[in-house]
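Please open the model in your viewer and keep the selection panel handy.

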Amino acid sequence: MTPTTTPPTTVDWRIRCRRWLDDVFDEPASVRAVAIVRIVLGPSAIWHLRPFLADALDGVTYLDVFQQKWWPWVPNAPAGLYVALLWIGVAAAVLMTVGLWSRAATWVTLAVVAYNFFLSETHFRHNRAFLIILLAGVALCDNGRVLSLDARRRHTPDDRALIWPVWLLRFEAAAIYFASGFSKLIDPDWVGGRVMHDRTLRYQSDVRDALGDTLADPILEVLTARAFQWVLSPVAVATELFIAFGIWFRRTRLAAVWVAVAFHVGIEVSAQVEVFSVIAIGALAIWAVPSTRDRTLVTPSGWVRWLDWMARFDITVVPGASWRMVDRDGTVLEGQLARQFVRTRLPATFLFSRFWRYR
Amino acid sequence: MVVQLGLVANGYRDPHNYFAFQPFNESSTYAVELVRVLPHGERVAVPNGRWEGYDWDELIGWRALQGPWHQRHAFSGVDAVVDYLDHALDWMADNTPNDAQTLYLEATVTYYRNARGPYVTVIRSHDRELGRP
């Protein structure tokens, strides 16, 4: 006999999926996180274009050195036009940062960075590819609605817009951690520690130069030990995979963000990765729930207002009052618990907070 | 999203891992011995990459391929470096008009892949048209 009704679990799943798609494609939500990424990407784009401009000031452009075309149909700009484009990119990045004509400025910055990137395969770096992806995601979003001069000019402030590009960026960010971690996981040389060990041996003179022999000796004794790298390498791989998956789930998201920040700081200290660390840490903002001021907070401390960049709280400062926070679900925290919770939601204090207690 | 997944998968085929995000994939090293091959087959060494008023490092303008006469880190892996070098030889052949003698450039690349080796591969530029103004 053929069943005529769909099992309830399947119906629930379909309804939830449809609601999620409605939220993603039809329901406006706060784009504050995207605005923060925009503010991070502006200076990063300038920093990225800086060496090309420095070469241009010395009279050297991509036309004067080895160039390997991505595609033959990408037109080569004459040197003068190329340099002008770089300066236009810098100007657009400044406008992005301050949020003047935000969306158009982001598109222009993306166009210049992408054009420069696709002029030659020798311009390829993973961090530059990630920069282009982030610029594209931010440009697709109405990112000037908040934290911008554009927002100040609006008569009715409203930080909401369609956020499907945020989901696209989330996928891209997670895919990058996964691709990096998985490729190392299936490489016996990497996961077995051979790559890291050889690399450490080769660059130990840099550590010695930076720290001096007295400090470097005991550190290098550990770092260059084969056994240490045998342990560290799988830990590094597990870290990337944990970030890739853990960041999707509410219970593990804060831990994944904490690990990601530590991971990027570690990379920045140990390798030259251009703007990667800054943009990757900045891009973690996209994982915040896209709603603002939906928790109420009574606090005696005015500093919370200054540090609440993600607008997590509707804040009332009452001198002499005790801390009191009402969460989205109505849960009330008071005193030290409220203070601890607030610290977990402020970017500047998050790293040193008890985030694992308040997921 | 589909395109990104495709690029990630393509990274296992593409030596450059473009948009496949496989950073720090190898700890390999390489060194290059460059020679000019003249029309009659004579092989002329190119010490430190300088010949006929040209300088390899200056023409390359990219740190990853500069100074390959001494053993150095293979940016993005050995396969990527060999591919870049292959294209660089062709580019050099096309952009050294004052060199009226060289038929083609040849590079002997000696490399260690993740400290294993040495392995040797030989690459060469396309033939140049000599006698062209």
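The tour below starts with chain A and then turns to strands of chain B.

This is a predicted model, in which local features need pLDDT of at least 70 and side-chain atom pairs count only at pLDDT 80 or more, while totals for chains, interfaces and linings use all residues. Residues are numbered from 1 along each chain as its sequence is written, chains are lettered from A and ligands numbered from 1 in the order in which they are written, and side-chain values use heavy atoms, with hydrogens and water left out.

Select chain A and colour by secondary structure: you will find 17 helices and six strands (DSSP runs numbered from the N terminus, helices being H or I with at least four residues and strands E with at least two). The C-alpha trace of chain A spans about 70 × 60 × 55 Å along its principal axes. Of its 359 residues, 47% count as buried (under 20% relative accessible area, 1.4 Å probe, protein chains only).

Now select residues 29-37 and 104-113 of chain B. These are strands β1 and β6, which run antiparallel and are joined by nine bridges (strands pair if DSSP finds at least two bridges between them). Show Val32(B): its bridge partner in β6(B) is Val109(B).

Finally, zoom in on the hairpin of β6(B) and β7(B). Two residues lie between the strands, and Asn114(B) takes a positive phi near 50°.

Technical notes
Buried < 20%, exposed > 50% of the residue type's maximum accessible area, 1.4 Å probe, protein only.
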